[in-house]
Amino acid sequence: MDIKLTIDGKEVVVPQGTMLIDACRQAGADIPTFCYDPDLKLAGSCRMCVVQPKGWRNLVASCVTPAQNGMVIETDSPDVIESRKVVLELMLSRHKLTCHTCEKDGECNLQDYCYRYGVTESRFDGKVHNLFKDDSNPFIERDYDKCIMCTRCVRACDEITGARAINIMDRGHHAKISTAFDGELVDSPCVFCGQCIMVCPVGALTSKIAAGKGKAAQNDKVLTTCTYCGTGCTLELNVKNDKIVGVTSNRDPELSPVNRGALCVKGRFGWDFVNSPERLTTPLIKENGEFREASWDEALGLAAEKIKGIKEQYGPDSLSMFSSARITNEENYLAQKLMRAAIGSNNVDHCARL
Amino acid sequence: MAQEYRVLLEYADKINPESASDYIKVGGYKGLEKARSMNPKDLTEEVKKSGLRGRGGAGFNAGMKWSFVPQYPETKYVVCNLDEGEPGTYKDRIICQKNAQALLEGMAICGYAIGSNQGYIYCRGEYPFVVELLKNAIGNAKESGALGEFNIEVRMGAGAYVCGEETALIESIEGHRGEPRFKPPFPGVEGLWRMPTVVNNVETFACLPFILTKGAEWFAGIGAKSYPGTKVLTLTGDIENATYFEVPTDYLLRDVIYELGGGVKGGKKLKAVQVGGTSGAFIPPQNLDTPIDFDSMGAIGAALGSGAVFVMDETRDIVDIVNRIAKFFEHESCGQCTPCREGTFHCKEIMEKINNGRGSLKDIENLKVLTRVMVKASLCGLGQAAPIPITSTLTHFEYEYLRKLM
Amino acid sequence: MTNSINELESDAKCIFLIGTNTTENHPVIGYKIRQNVLKNGAKLIVADPRKIELAELADVYIPFKPGTDVALFNGMMNVIINEGLADSKFIENRTEGYEAMAEIVAKYPPEVAAEICGVDAEDIIKAARLYAESEASSVCYAMGLTQHSTGTDNVKSCCNLALLTGNLGKPGTGVNPLRGQNNVQGACDMGALPVVFTAYQNVTNDEARAKFEKAWGVTLSGINGLTLTKTINKAYEGEIKGLIVIGENPMVSDPDLHHVEEALEKLDLLLVQDIFLTETAKKADIVLPGVSFAEKDGTFSNTERRVQRVRKAISNVGDARQDWEILCDLSTRLGYPMSYNTPEEIFEEIRTLTPSYAGISYARLEGEGLPWPCPTEDHPGTPILHKEKFNRGLGLFHAIEYIEPAELPDDEYPIILTTGRSLYHYHTGTMTRKASGLDEFMPSNVVQISSPLAKANNIVDGEKIRVTTRRGSIELEAEVIDGIRENVIFTYFHFAETAANYLTNASVLDPVAGIPEYKVSAARIEKI
Ligand SMILES: Cc1cc2nc3c(=O)[nH]c(=O)nc-3n(C[C@H](O)[C@H](O)[C@H](O)COP(=O)(O)O)c2cc1C
Ligand code: SF4
Ligand code: SF4
Ligand code: SF4
Ligand code: SF4
Ligand code: FES
């Protein structure tokens, strides 16, 4: 059944059960959110998305309030604006404001909304908690002095990965995100999937592997397929100055059909081999048991000559090829074509069984 | 008038509260019998007609609440809120200690109305003796067969004030962190273990047997029209008779203090009275001629709440008291939503600053903005009500603040 | 996979994992299975000699002896048949060979199977009922099922089970191999196999050959080629003289590495194309630098047959070249000119020769990718195979007897060694050991042993011990754990310096697929 409501003077028709946030967005209102994540259980706790239903005493969180027939909603009444500003100031009051060195600079919700609502500083004297976790794991930086307690990380850890490594500890102003005994991630059930980084709206959780290499907002992102296991997860290579500087993921099921943004530790943190100084950069020819650098022309010329020699002397079936489960379809196709058409043998295989 | 009207507490100290047979001797379990002879729908209607409104603070019409419970699910629950975490409030404890069987009967009546066979009593952690008492009372009632199929379990609370909030209470029974849920869905539709659940206060349940035996009209005729019945009040602070009373709901606040309460202790002058618990408004002497019922209190910007009445004499330092209250809420915020988690902290910080003589006009301004947002945007009643002591004293006692500024 | 990955998150009502440590080797699939169990109450059966993570969530956990898979399947099928839980309509309409299979299976009542597998008969019965009675049951396996001398039998048994209960061709069902490497599926699809061209067209089939001869303009050999493991053996025997290795590392990944090393040393030419100087490349005569996935355009086909794009993000490193360009150049120099401008051009050629890819184009791969078969431009792809019929028409039951693993423990080698992968590394470690975080997190190999075994041998956690098989011995740090069968030890094969494959057996291969028995070697352990 459809219901009708008025949002900022515009009439919208939505199916019964639609949350106000979606109705508002349908009406063109840009509702700011922190804790809301359409893939996770609702929290309704950051109170950033509040709107004013006409005739109601209090504001409501649009992300958890179902639209009702005949409602009249204001998304930017003075009360709404004041509330959002104060919520932002309250967050700032416990947030270590170091945007200049923050990996999240440029794609941080807190920064964006402060900009939008003109919040430069907090009227509430802060007490930054010193919750930074000097965690020895090599993957994830946990700077909870930037945490705004949206609990998306906790929910992603539970509802996507199922690790249940982190939770909320303590109450009130002292509430914080931590592992069971407030220890390090390595001593928890954490599997370093980085789903928590993916959902964190601020710079509280970031990749140690990507740290200092380029702020994610300034990187180009190239959608591609993971090079490791056969699951075939889609990921985004972050590129800066023709170098891979990080991996992020895209949660759009259209673009990331298999994994919908979820990755594992290898996909999310295992990319920097690409930049390894040990990469081969030039052909090598072995002479007297030692490799020397060679030009392509020389190396390929020598290879062709030797292959031809063996083929002439012993026949094509004295040659064999191991193609690869890691190169592309196109390359595998050419590899077997080379073996079959150019050399004349069916001796081609790869490590499917290993 | 100026006298008590005892309904719930009529047989206080005259019967053994644990004993079903004692209770039956004075007419107990007749209400349940009557209820069970009715069709559940009519029963709910009857309760609606009595005008009984929640005694836990929110004042919602009990029968109305029950009528929202859908019929089809097989499993439903009746939960009694005996968290009683408000400092200065102990009326639910008194009701249990004087007449526990009436509470059990009330829960069974509710169970019959909504189609539930399972009740829980969530008892404040500081009341282990009440847990004992209730367990014995339940055992006794079960033995006597008075409850029939209806089962009741007692759960000990986690000691957090916020667990008195009905959805936090549900989370706590489920074994989770005591954090309120957002509403809707209301417990009536999705409550304990996501099943329809009615949560009522002890006093609310305890009214039910009398409504059934004596009739909805009788109940509706007692006290204030819009909030009929009696109310158990607990008096604390600078008062001669610091004890409990049961009064009809149209009783005047002035009479509570000067008649039943015997006046301000030592004959001092009254400075303010806070009704409804820690989050209640501070009422100045000029508003004393207000009936204690829910709506009349609301009209003067106060709330009846749990029925706690805290009396402050002329020597009291309002700002200091409010500062302590701010500390209480900073400690009791569950930490889930931003306005309350950070807001209660900053309320305390600013109050402390002012109280220590380091505050400025700017701080008062900031307090006003902050409390406005907390009231409007917090997730649950705790954050919404925590600022009321501040806002009500800024309205009626602003000079006390100004006096303390730098 | 006959079915798609996301069905495991919602459609499957019962999931049977055998020989797959999913949360470590296919982590994202592991998450989905876990969520299905936790959120939707899907049933979970885990059969594995090691108490893998998902076993904690399982309704039934069967810690069976390595290599007794066929007995386990037969035992389950025995229960299903005897309790009338088979899908007789499906058997009648869609299968053949039931009688012969049932005759063999009759010899494996659960008590007999339990005896062979070293488990409780009750668990086999419970697993059989769960699998057969659920509305949609999916069986998933990985190398734990296939890397045996009876690997092909194991897989056929697994298919028997699905056929018997009609768990094929519907959402949430299927026989689902989880392929270990990102493009194993694609490499197979593309004919990087000794017996087939693309899309599994047999090289011995005259028609198929004629088609490729016409397209490629040459005469082609109709003799089946050599598998990888046979190639190594033939090289050892001197019959293979030249070997081209592209992005593979047999010097770590293949069984019995001493044997591999000697074989490679006998070659006249070892040409290696790779992105690192791998253990194999070090043995090469010529090394050609290719590029990593970050530097190339193309397609990968994942384990659910979904063809997806790989996109170039950065330029070639140094003087390295695109692998396809290297192949073209080499081919041209061999007198068979190949020339393309882009990988897309190659793909366009693939389409014309590969019926299952014929409908796929780069344009169509923007977005969700496409699971093959996708025969025409307007075909939506095929997430679920065998919906109406099987490739061969009727599904064929196989009558399979249990055969013992080739190498059983004896007095000299009383323990079973089994090998596998870790969450933190990949295959031969060529990439992951150069990924700073992964290498820091798990810098070296361990051998997992049960506490009773450790106690009996006076070994403590963290102590270095020697593991020896008939092939050789390596020294490893012992990790004493509870969740492993008492006389089984486990080690990872990612680490070249302590490569498990110095210990594994190359002499016995699965007779059909040529898969080595990585999962069972007789071994002994010693204190050092
Ligand atoms: C912070 C907070 C604390 C509360 N504590 C109590 C309590 O101790 N006892 C109680 O009955 N209701 C308490 N309530 C009210 C309950 O949420 C709920 O409204 C009540 O149990 C419903 O019962 P009633 O309708 O019978 O009043 C509290 C509410 C809030 C917001
Ligand atoms: S990395 Fe993954 S497992 Fe670890 S805390 Fe984050 S979400 Fe949880
Ligand atoms: S760490 Fe990030 S995701 Fe987690 S609660 Fe804090 S701000 Fe939210
Ligand atoms: S991210 Fe992990 S699970 Fe996904 S394809 Fe890569 S290795 Fe496999
Ligand atoms: S208002 Fe306070 S107590 Fe209520 S949910 Fe928010 S933080 Fe928790
Ligand atoms: S986004 Fe709605 S409350 Fe957080």
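Select A:Leu284 and look across to C:Val287: the two stand opposite each other, the latter in strand 9 of chain C. Now widen to the strands (DSSP runs of E, at least two residues, numbered from the N terminus). Strand 13 of chain A (residues 284-287) runs antiparallel to strand 9 of chain C (residues 286-289), joined by 2 bridges. DSSP must find at least two bridges between strands for them to pair.

This is a predicted model: local features need pLDDT of at least 70, side-chain atom pairs need 80 or more, and totals for chains, interfaces and linings use all residues. Residues count from 1 along each chain as written, chains are lettered from A and ligands numbered from 1 in written order, and side-chain values use heavy atoms, without hydrogens or water.

Next, select C:Lys296 and A:Glu331. They form a salt bridge, with the closest N and O atoms 2.9 Å apart. The count between chain C and chain A is 5 such bridges (side-chain nitrogen of Lys or Arg within 4 Å of a carboxyl oxygen of Asp or Glu). On the side of chain C that touches chain A, color by class: 79 residues are nonpolar, 40 polar and 33 charged. Here Ala, Val, Leu, Ile, Met, Phe, Trp, Tyr, Cys and Pro count as nonpolar, Asp, Glu, Lys and Arg as charged, and the others, Gly among them, as polar.

Show the whole interface. In contact (heavy atoms within 4.5 Å) are 152 residues of chain C and 112 of chain A.

Finish at ligand 2. The residues around it (a heavy atom within 4 Å) include A:Cys157, A:Cys190, A:Cys193 and A:Cys196. The shell divides into 10 nonpolar, 2 polar and no charged residues.

Terms used: Helix = DSSP H or I, 4+ residues; strand = E, 2+ residues; numbered from the N terminus.
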